[in-house]
Amino acid sequence: MDIILCHQTVDFDALGSAIGLSLLKQGAKIVLTGGAHTAVKNFLALYRDEFAFTEMRSINPEAIAIIYIVDTQKSDRLGAAAQWLTLPNVQRIEVFDHHVDLLSDIPVTEIHTEAVGAITTYIVELLQQHNIVLTPFEATAMALGIHVDTGSLTFDQST
């Protein structure tokens with residue numbers, strides 16, 4: 001089983017990038033590790049059924065083969081899911097993050113860091129390269145990730 005982890009208290013960038021990555025990594029299950037920003041909670045209250053989320057309690061840790069992590073490089077931000085990083089059955093860990101000045105404490109196999117205002121931006125670029133078409137709900141979640149993390153493209157780190 002392949003899973004995609006978001007940091008705890010998920011924000012729109014983590015949510016949008018996880019949704020986009022799930023389209024690139026077919027079959028990977030998005031696992032929300034606990035909590036969400038208020039606006040994300042409100043969004044999910046309306047549209048949760050449009051996305052394939054899996055609850056942590058539904059994951060059999062012994063079945064995890066690949067872990068993808070979005071929007072963080074710090075294991076303590078993954079909550080209880082951090083214990084999955086050192087399981088002997090985990091063959092690969094990939095991180096996708098836009099915080100390029102951080103030193104990761106996650107035992108990564110591969111790390112994708114891009115100096116962009118939102119990691120969702122990088123995921124969108126990958127989706128474009130693969131000509132993957134989004135549903136309106138997927139596009140909305142990803143657009144919100146970029147919108148919120150870049151201050152509507154006004155923050156200095158926006159590219």
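**Reading the model**

Mentor: The accessible areas themselves come from the Shrake-Rupley method with a 1.4 Å probe, and for residues only the protein chains shown count as cover. Please note that this is a predicted model, in which local features need pLDDT of at least 70, side-chain atom pairs count only at pLDDT 80 or more, and totals for chains, interfaces and linings use all residues. Residues are numbered from 1 along each chain as its sequence is written, and side-chain values use heavy atoms, with hydrogens and water left out.

Trainee: How many salt bridges does a search of the whole structure find?

Mentor: A salt bridge is a side-chain nitrogen of Lys or Arg within 4 Å of a carboxyl oxygen of Asp or Glu. The search of the whole structure finds 3 of them. In one, the side chains of E94 and R92 meet at 2.9 Å, N to O. In another, E110 and R92 meet at 2.4 Å, N to O. E110 belongs to strand β6 (residues 110-113) and R92 to strand β5 (residues 92-97), so this pair ties together parts that are 18 residues apart in sequence. Strands (E, at least two residues) and helices (H or I, at least four) are DSSP runs numbered from the N terminus.

Trainee: Which residues are linked in a network of salt bridges?

Mentor: R92, E94 and E110 are linked in such a network. E94 is buried, with a relative accessible area of 5%, whereas E110 counts as partly exposed at 31%.

Trainee: Which side chain meets that of R48 in a salt bridge?

Mentor: R48 pairs with E55, at 3.0 Å from N to O. R48 counts as partly exposed at 30% relative accessibility, and E55 is partly exposed as well, with a relative accessible area of 35%.

Trainee: Which residues line the largest pocket?

Mentor: Its lining includes I19, S22, L23, K29, I30, F51 and E138. The elements that give two or more residues to this lining are α1 (12-24) and β2 (29-31). The largest share, 3 residues, comes from α1. By class, the lining has 6 nonpolar, 3 polar and 3 charged residues. Ala, Val, Leu, Ile, Met, Phe, Trp, Tyr, Cys and Pro count as nonpolar, Asp, Glu, Lys and Arg as charged, and the others, Gly among them, as polar.

Trainee: Which residues make a nonpolar surface patch?

Mentor: Patches are made of residues with over 30% relative accessible area and no salt bridge; like charges are joined within 9 Å and nonpolar side chains (Val, Leu, Ile, Met, Phe, Trp, Tyr) within 5 Å. Here L46, Y47 and F137 make a nonpolar patch of about 290 Å². L46 lies in helix α2 (residues 38-47) and is exposed, with a relative accessible area of 65%.

Trainee: What is the phi of T9, a residue other than glycine?

Mentor: Phi of T9 is near 50°, a positive value. T9 lies in the loop between β1 (2-6) and α1 and counts as partly exposed at 40% relative accessibility. N131, which is not a glycine either, has a positive phi of about 55°. N131 is found in the loop between α3 (119-129) and α4, and at 67% relative accessibility N131 counts as exposed.

Trainee: Is I64 buried or exposed?

Mentor: I64 is buried, with a relative accessible area of 0%, and its place is in the loop between β3 (53-54) and β4 (66-70).

Note on methods
1 Å grid on protein atoms, 1.4 Å probe; cavity = no way out; pocket = protein on both sides within 12 Å on 5 of 7 lines; lining within 4 Å. Buried < 20%, exposed > 50% of the residue type's maximum accessible area, 1.4 Å probe, protein only.
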